[in-house]
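Subject: Handover of a protein structure

Dear colleague,

Please find below the structure that I am passing on to you, together with its sequence. A summary of the findings comes after it.

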Amino acid sequence: QVQLVESGGGLVQAGGSLTLSCAASGSGFRVNAMGWYRQAPGKQRDLVATRSTGGITNYVDSVKGRFTISRDNARNTVFLQMNSLKPEDTAVYYCNLAGTTAWNLPFNSWGQGIQVTVSS
């Protein structure tokens, strides 16, 4: 069983920075990619950024140039450095792990979510 623990959210003024962290624990699986999604009030959960174990990154257009995703593969930890934050970045951010079990079955795990609030 995989557990994801997120940290680093909070309240920041527009133009400020925050770094989110997500650590995965458990055994018997292989990590294919880790990433971040976000959900604003009344909206669906959308992709923010992902990074594969091989280093391929993917960002939603609205955060390109402002957010950077990185991973510590040895520790199954993913980070999201968020700079030049805007009020529209306000959302609950969810860590995601896409992996494969020991029986080669794909799965997705989610963290509990962490609030990021950007004031104008």
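The paragraphs that follow describe the overall fold, the disulfide, the core and a few individual residues.

Please bear in mind throughout that this is a predicted model.

Overall fold

The protein contains zero helices and 11 strands. Read from the N terminus, the order of elements is β-β-β-β-β-β-β-β-β-β-β. The radius of gyration is 14 Å, close to the 14 Å that the globule rule gives for 120 residues, so the protein is as compact as a globular protein of that length. Along the principal axes, the C-alpha atoms occupy a box of roughly 50 × 25 × 20 Å.

Of the 120 residues, 41% count as buried. The protein exposes about 6,400 Å², and carbon and sulfur atoms account for 49% of that area. As for contacts between residues at least 6 apart in sequence, 55% of them join residues at least 24 apart.

The disulfide

A search of the whole structure gives one disulfide. Its partners are cysteine 22 and cysteine 95, whose sulfur atoms lie 2.0 Å apart. The link is left-handed, with -85° about the S-S bond. Are the two cysteines buried or exposed? Cysteine 22 has a relative accessible area of 0% and is therefore buried; cysteine 95, also at 0%, is buried as well.

The nonpolar core

The largest nonpolar core consists of 29 residues. Those with the most contacts inside it are Met34, Trp36, Leu80, Met82, Tyr93 and Leu97. Several strands supply at least two residues each to this core: strand 3, strand 4 (29-39), strand 5 (46-52), strand 7 (67-72), strand 8 (77-82), strand 9 and strand 11 (114-119).

Setting aside residues up to four places away in sequence, leucine 80 touches Leu18, Thr19, Leu20, Trp36, Val48, Ala49, Phe67, Thr68, Ile69 and Tyr93.

Asparagine 96 is located in strand 9. Its relative accessibility is 5%, which is under the 20% limit, so asparagine 96 counts as buried. The side chain of asparagine 96 makes a polar contact of 3.0 Å with the side chain of asparagine 108. Residues up to four places away in sequence are again left out of the list of neighbours, which comprises Leu4, Ala33, Met34, Gly35, Tyr37, Asn108, Ser109 and Trp110.

Tyrosine 59 lies in strand 6 (residues 57-59). At 18% relative accessibility, tyrosine 59 also counts as buried. The C-alpha atoms of tyrosine 59 and arginine 30, which are 29 residues apart along the chain, are separated by 23 Å.

Two partly exposed residues

Asparagine 83 sits in the loop between strand 8 and strand 9. With a relative accessible area of 30%, asparagine 83 is partly exposed. A polar contact of 2.8 Å joins its side chain to that of glutamine 81. Apart from neighbours within four places in sequence, asparagine 83 is in contact with Gly16, Ser17, Arg66 and Phe67. For asparagine 83 and arginine 66, 17 residues apart along the chain, the C-alpha separation is 5.1 Å.

Arginine 51 is part of strand 5. Its relative accessibility of 25% places arginine 51 among the partly exposed residues. Once neighbours within four places in sequence are left aside, the contacts of arginine 51 are Ala33, Met34, Ile56, Thr57, Ile69, Ser70 and Arg71. Between the C-alpha atoms of arginine 51 and valine 12, 39 residues apart along the chain, the separation is 25 Å.

With kind regards

How values were computed:
Residues are numbered from 1 along each chain as its sequence is written. This is a predicted model: local features need pLDDT of at least 70, side-chain atom pairs count only at pLDDT 80 or more; totals for chains, interfaces and linings use all residues. Side-chain values use heavy atoms; hydrogens and water are left out. A disulfide is a pair of cysteine sulfur atoms within 2.5 Å. Buried means under 20% relative accessible area, exposed over 50%, partly exposed in between (1.4 Å probe, protein chains only). Helices (H or I, at least four residues) and strands (E, at least two) are DSSP runs, numbered from the N terminus. A polar contact is a pair of N or O atoms within 3.5 Å; within protein, one must be able to donate a hydrogen and the other to accept it, and residues adjacent in sequence count only if both atoms are side-chain atoms. Contact means heavy atoms within 4.5 Å. The radius of gyration is taken over C-alpha atoms; the globule rule is 2.2 Å times the number of residues to the power 0.38. Accessible areas come from the Shrake-Rupley method with a 1.4 Å probe; for residues, only the protein chains shown count as cover. A nonpolar core is a set of buried Ala, Val, Leu, Ile, Met, Phe, Trp, Tyr and Cys residues joined through side-chain atoms within 4.5 Å.
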